[in-house]
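Please look through the sequence and the model below before reading on. The text then goes from the overall fold to single residues.

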Amino acid sequence: MRAGLGYDIHRLVEGRKLLLGGVEIPSPKGALGHSDGDCLYHAVTDALLGAAGLGDIGRHFPDNDPRWKNADSSVFLKETKRLLDGKKLKIENIDANLHLETPKLVPHFPQMIQNLSKLLDISEDRINLKAKSGEGMDAVGKGEAVAAQVVVLLC
Ligand code: MG
């Protein structure tokens, strides 16, 4: 068994889409980033790479590489899955915390889980998502950021 940890945070700004787990969340502000800013996909990618002993997302997909400008972050997950397959590593489960002040994310969880399930070729019951607000405190709580924490287990 190999555990992996992922974390990502993006600044929220006007004029950008808010994508999480491949789902566009209706919001006046979206995630600033070189790619599409999907911090759930980024944190899952980092957790998987970490568990596999393959470094991190910045090593495989540098944010100064024009190939990844406004990239659909699902490509990071697809490539990471290919690397795991190459090492004969299987995903046992994924657990994630999504940090956003507003709007509520729970209604979007089924679609996010379906997207992750398809991209990573694992059953939906191996993916768990949880929503957290910042209780009006830190950058998340002030509506300035969106963040994700992820743990994965590979076997
Ligand atoms: Mg990111």
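The paragraphs below cover the fold, the metal site and a few backbone details.

This is a predicted model, in which local features need pLDDT of at least 70 and side-chain atom pairs count only at pLDDT 80 or more, while totals for chains, interfaces and linings use all residues. Residues are numbered from 1 along each chain as its sequence is written, and side-chain values use heavy atoms, with hydrogens and water left out.

The protein has four helices and seven strands; these are DSSP runs numbered from the N terminus, with helices being H or I of at least four residues and strands E of at least two. Along the sequence they come in the order β-β-β-β-α-α-α-β-α-β-β. The radius of gyration is 15 Å, close to the 15 Å that the globule rule gives for 155 residues, so the protein is as compact as a globular protein of that length. That radius is taken over C-alpha atoms, and the globule rule is 2.2 Å times the number of residues to the power 0.38. Along the principal axes, the C-alpha atoms fill a box of roughly 40 × 35 × 25 Å.

Of the 155 residues, 48% count as buried. Here buried means under 20% relative accessible area, exposed over 50%, and partly exposed in between, with a 1.4 Å probe and protein chains only. A contact means heavy atoms within 4.5 Å. Among contacts between residues at least 6 apart in sequence, 71% join residues at least 24 apart.

Which residues coordinate the magnesium ion? They are Asp8 (OD), His10 (NE2) and His42 (ND1), at 2.1 to 2.2 Å. Donors are N, O and S atoms within 2.8 Å of the metal (3.2 Å for Na, K and Ca); water is not among the atoms, so sites may look incomplete. Along the chain, the donors of the magnesium ion follow the spacing D-x1-H-x31-H. Asp8 and His10 are both buried.

His10 also gives a reference point for Gly30: their C-alpha atoms are 20 residues apart along the chain and separated by 9.0 Å. Gly30 lies in strand S4 (residues 29-31). With 0% relative accessibility, Gly30 counts as buried. Leaving aside residues up to four places away in sequence, Gly30 touches Arg11, Leu12, Val13, Arg16, Lys17 and Leu18.

The loop between strand S5 (91-99) and helix H4 (109-120) holds Pro103. A cis peptide bond, with omega about 0°, joins Thr102 and Pro103. Lys104 lies in the loop between S5 and H4 as well. Is Lys104 buried or exposed? Its relative accessibility is 71%, so Lys104 counts as exposed. Lys104 and Ala131 are 27 residues apart in sequence, and their C-alpha atoms are 7.9 Å apart in space.

Asp121, in the loop between H4 and strand S6 (127-132), has a positive phi of about 55° although it is not a glycine. Glu135, in the loop between S6 and strand S7 (145-154), has a positive phi near 55° and is likewise a residue other than glycine. Asp121 counts as exposed at 63% relative accessibility, and Glu135 counts as exposed at 62%.
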